[in-house]
Amino acid sequence: MEKYVVVLDNSTEGKPRACAFAGDAIDAGVAAAHAQGLAVVAPTTDELLLMAKEVPAGRVSSVGKVVAAFVKQETYAKFTALIGTEHELRRAEPGSDDAKAPVSAPTPQPDPWKAISVGATVLATVGREDGWWEAVVLAADPAGERLTLSWRDWPNMPSFSASRRSVAITAASA
């Protein structure tokens, strides 16, 4: 059986959207759909596969969002009727045996700026024309938004203060 996944989205004021991904596009489509909290289903029957082939092809935009076409309410209702109600949509990861795992909302990620601690390396700037440079966190107010920083490559320069949201997080600080 040819591999397809269908992304269902009914979040646009009652105007359902759907799209299908096939072949090499499946992984990117599934990842983008899950990031948006959209339902993803993998057809497991011939009837679902025939319907999936009729759903317009989807694509992932340059900003990582699923681009799906509006579909007729009847088409959307027919597809969801075959897999469950909208609150019981099922998904299957490509290549997985678990085709009946319930769709869950994306797991909230912790705020990475709150995790910046003393000794972390971040990117900071003092002005638009000066560029971004690595700085070491000397002090981090856990309750507040201020960091005390020192330039990593110029330790003799005076330390300075910056808000947590005004610095860029590096892999070393994550």
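Gly64 is partly exposed in this predicted model, because its relative accessibility of 33% falls between the 20% limit for buried and the 50% limit for exposed residues. The residue sits in the loop between β4 (59-60) and β5 (66-67). Two open sheets are described below: one of four strands, in the order β3-β1-β2-β6, and one of five strands, in the order β12-β11-β10-β9-β13. The structure also holds four salt bridges, and a nonpolar surface patch is made by Trp133, Trp154 and Met157.

**Gly64 and its surroundings**

- Leaving aside neighbours within four places in sequence, Gly64 is in contact with Ala32 and Gln36.
- Ala28 is 36 residues away from Gly64 in sequence, while the C-alpha atoms of the two are 8.6 Å apart in space.
- Helix α1 covers residues 26-36, and the loop that holds Gly64 runs between β4 and β5.

**The four-stranded sheet**

- The strands of the sheet β3-β1-β2-β6 pair in the antiparallel sense.
- The edges of this sheet are β3 (39-41) and β6 (69-70); each has a single partner strand, so one side of each is left without a neighbour in the sheet.
- Strand β1 (residues 4-9) and β3 run antiparallel and are joined by three bridges.
- Within this pairing, Leu8 stands opposite Ala39 in β3.
- Helix α1 packs on the sheet and touches β1, β2 (17-22) and β3.
- The direction of helix α1 makes about 25 degrees with that of β1.

**The five-stranded sheet**

- Pairing in the sheet β12-β11-β10-β9-β13 is antiparallel.
- Here β12 and β13 (168-169) stand at the edges, and each has a single partner strand, so one side of each has no neighbour in the sheet.
- Five bridges pair β10 with β11 in the antiparallel sense.
- Ala135 stands opposite Trp151 in β11.

**Ser150, a buried residue**

- Ser150 has its place in strand β11 (residues 146-151).
- Ser150 counts as buried because its relative accessibility is 11%, and the limit for buried is under 20%.
- Not counting residues up to four places away in sequence, Ser150 touches Ala135, Val136, Leu138, Pro155 and Phe160.
- One of these contacts, Ala135, is also the residue that stands opposite Trp151 in β11.

**The nonpolar surface patch**

- Trp133, Trp154 and Met157 make a nonpolar surface patch of about 320 Å².
- Trp133 is found in strand β10 (residues 133-140).
- With a relative accessibility of 41%, Trp133 counts as partly exposed.

**Salt bridge between Glu145 and Lys114**

- One of the four salt bridges joins the side chains of Glu145 and Lys114, at 2.9 Å from N to O.
- Glu145 lies in the loop between β10 and β11, and Lys114 lies in the loop between β8 (101-102) and β9 (121-124), so the pair ties together parts that are 31 residues apart in sequence.
- Both partners count as partly exposed: Glu145 has a relative accessibility of 33%, and Lys114 has a relative accessible area of 46%.

**Salt-bridge network around Arg152**

- Glu134, Arg152 and Asp153 are linked in a network of salt bridges.
- The side chains of Glu134 and Arg152 meet at 2.3 Å, N to O.
- Glu134 lies in strand β10 and Arg152 in the loop between β11 and β12 (160-163), so this pair ties together parts that are 18 residues apart in sequence.
- Arg152 also forms a salt bridge with Asp153, with 3.1 Å from N to O.
- Glu134 is partly exposed at 27% relative accessibility.
- Arg152 is partly exposed as well, with a relative accessible area of 41%.
- Asp153 counts as partly exposed at 44%.

Note on methods: Residues are numbered from 1 along each chain as its sequence is written. This is a predicted model: local features need pLDDT of at least 70, side-chain atom pairs count only at pLDDT 80 or more; totals for chains, interfaces and linings use all residues. Side-chain values use heavy atoms; hydrogens and water are left out. Two strands pair if DSSP finds at least two bridges between them. Contact means heavy atoms within 4.5 Å. Axes are lines fitted to C-alpha atoms, for helices over the stretch in contact, and angles run from 0 to 180 degrees between N-to-C directions. Buried means under 20% relative accessible area, exposed over 50%, partly exposed in between (1.4 Å probe, protein chains only). Patches are made of residues with over 30% relative accessible area and no salt bridge: like charges are joined within 9 Å, nonpolar side chains (Val, Leu, Ile, Met, Phe, Trp, Tyr) within 5 Å. Accessible areas come from the Shrake-Rupley method with a 1.4 Å probe; for residues, only the protein chains shown count as cover.
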